[in-house]
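Colleague: I would like to learn how to read the packing and the sheet in a model. Please take me through one case.

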Amino acid sequence: MDRMYIAGCGGMLGQAFYEEFSQRAELRCTDIDVNEEWLDYLDFREFERYRADVRAAAPECLVHLGALTDLEYCELHPDETYATNTMAVENAVYIANELGIPLVYVGTAGIFDGRQEVYDDWDRPNPLGVYARAKWAGEEFVKHNAQTYLVCRAGWMMGGGPRKDKKFVQKIMAQLRGGASELAVVDDKLGTPTYTRDFARNVRLLLERRWWGLYNMVCQGLTGRLEVAQAIVDESGLGGRVTIHPVGSDYFADSYFAPRPDCERLINRKLALRGLDAMRPWREALADYLRTDYEGYLLP
Ligand SMILES: NC(=O)c1ccc[n+]([C@@H]2O[C@H](COP(=O)([O-])OP(=O)(O)OC[C@H]3O[C@@H](n4cnc5c(N)ncnc54)[C@H](OP(=O)(O)O)[C@@H]3O)[C@@H](O)[C@H]2O)c1
């Protein structure tokens with residue numbers, strides 16, 4: 001691909017896509033949060049503007065990355081969530097089809113109901129909350145309507161560093177930086193992390209081979225919030241100095257009130273069968289992430 005358009009590229013995953021593809025292709029990257037000099041403003045909910053901007057860039061591939069990703073915000077703002085996480089994806093499908101180019105969409109492990117111990121690419125989703133319903137609807141629209149597509153499902157996202165990471169790793173790191181010697185972490189939520197840089201690389205490998213379709217794309221290994229938190233503490237050299245208290249999700253019921261599956265562990269069955277699973281074990285990826293993006297972050 002010599003020219004690519006990446007919409008919603010200002011977040012955690014967008015950073016990794018920019019790093020992965022900017023040396024290899026001419027990029028046009030847009031977002032409503034213009035936080036880099038390589039980003040321009042575009043609200044992808046505005047169909048005509050989105051269409052005109054992509055047409056002008058004449059890309060060989062449209063990557064639709066952005067979404068509202070705060071589950072509590074989504075739960076409180078369902079219309080905005082469906083407009084952003086579903087209808088805007090429909091916009092992307094129309095545009096990609098009109099231009100005759102492939103569409104890349106990022107799905108989520110959160111579309112499952114948590115009753116199984118693990119989910120492969122062919123398991124049946126049953127989304128629980130507004131965010132998950134909206135993302136699943138977007139995924140379904142892509143699969144049923146896009147002429148050529150890649151849908152890659154991510155798990156618990158880690159990437160972007162202190163400035164862009166809005167998720168679990170940053171939340172733990174921020175507490176450690178604040179001097180916390182005790183952490184409360186849920187012991188009833190299971191999942192699989194996804195390191196943004198590995199994800200971007202694996203998407204590139206699929207694009208290069210033109211192996212279209214749906215792929216689970218998470219780090220290797222099954223884990224849970226508690227184990228990931230302990231790994232963050234240990235990788236930061238604070239093992240022994242920080243105590244983690246396991247708690248149930250009820251403990252955080254006021255701040256994290258959106259429904260979440262107890263288990264959203266994915267395995268990359270299709271990638272493995274293709275012989276193209278470049279996702280590393282989650283702990284190795286986590287160590288790499290902390291080394292690369294958090295060096296010096298915990299120093300006083
Ligand atoms: N984060 C996770 O744990 C996770 C897990 C699985 C899948 N995913 C999926 O991965 C993709 C990338 O998410 P991420 O982790 O990089 O999240 P992120 O850091 O929140 O980035 C998403 C970006 O999209 C932007 N955006 C929101 N509405 C937009 C609009 N109308 N037009 C243009 N840009 C818009 C956001 O801007 P604002 O910040 O201003 O809203 C943000 O810069 C999303 O499709 C997400 O659903 C995420």
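Colleague: Which residues does Phe-199 touch, not counting residues up to four places away in sequence?
Modeller: In this predicted model, Phe-199 touches Leu-13, Phe-17, Val-106, Cys-152, Arg-153, Ala-154, Thr-194, Met-217 and Met-279.

Colleague: How do I read such contacts as part of a core?
Modeller: In soluble globular proteins, nonpolar side chains tend to be buried together. Here the largest nonpolar core has 33 residues, and Phe-17, Phe-199 and Val-203 touch the most other members. At least two residues of this core come from each of β1 (3-7), α1 (12-21), β4 (61-64), β5 (103-108), β6 (149-154) and α8 (196-209). The largest share, 6 residues, is supplied by α8. There is also a second, separate core of 26 residues, with Val-185, Leu-238, Trp-282 and Leu-286 among them.

Colleague: Which residues make the nonpolar surface patch?
Modeller: Ile-32, Val-34 and Tyr-41 make a patch of about 310 Å². Tyr-41 lies in strand β3 (residues 39-41). Its relative accessibility is 52%, so Tyr-41 counts as exposed, the cut-off being over 50%.

Colleague: What is the strand order in the open sheet of 3 strands?
Modeller: The order is β12-β9-β14, and the pairing is mixed. Because β12 (223-224) and β14 (263-264) each have a single partner strand, they stand at the edges, and one side of each is left without a neighbour in the sheet.

Colleague: In which sense do β9 and β12 pair?
Modeller: Strand β9 (residues 190-191) pairs with β12 in the antiparallel sense, over 2 bridges. Gly-191 stands opposite Thr-223 in β12.

Notes
Residues are numbered from 1 along each chain as its sequence is written. This is a predicted model: local features need pLDDT of at least 70, side-chain atom pairs count only at pLDDT 80 or more; totals for chains, interfaces and linings use all residues. Side-chain values use heavy atoms; hydrogens and water are left out. Two strands pair if DSSP finds at least two bridges between them. Helices (H or I, at least four residues) and strands (E, at least two) are DSSP runs, numbered from the N terminus. A nonpolar core is a set of buried Ala, Val, Leu, Ile, Met, Phe, Trp, Tyr and Cys residues joined through side-chain atoms within 4.5 Å. Buried means under 20% relative accessible area, exposed over 50%, partly exposed in between (1.4 Å probe, protein chains only). Contact means heavy atoms within 4.5 Å. Patches are made of residues with over 30% relative accessible area and no salt bridge: like charges are joined within 9 Å, nonpolar side chains (Val, Leu, Ile, Met, Phe, Trp, Tyr) within 5 Å. Accessible areas come from the Shrake-Rupley method with a 1.4 Å probe; for residues, only the protein chains shown count as cover. A salt bridge is a side-chain nitrogen of Lys or Arg within 4 Å of a carboxyl oxygen of Asp or Glu.
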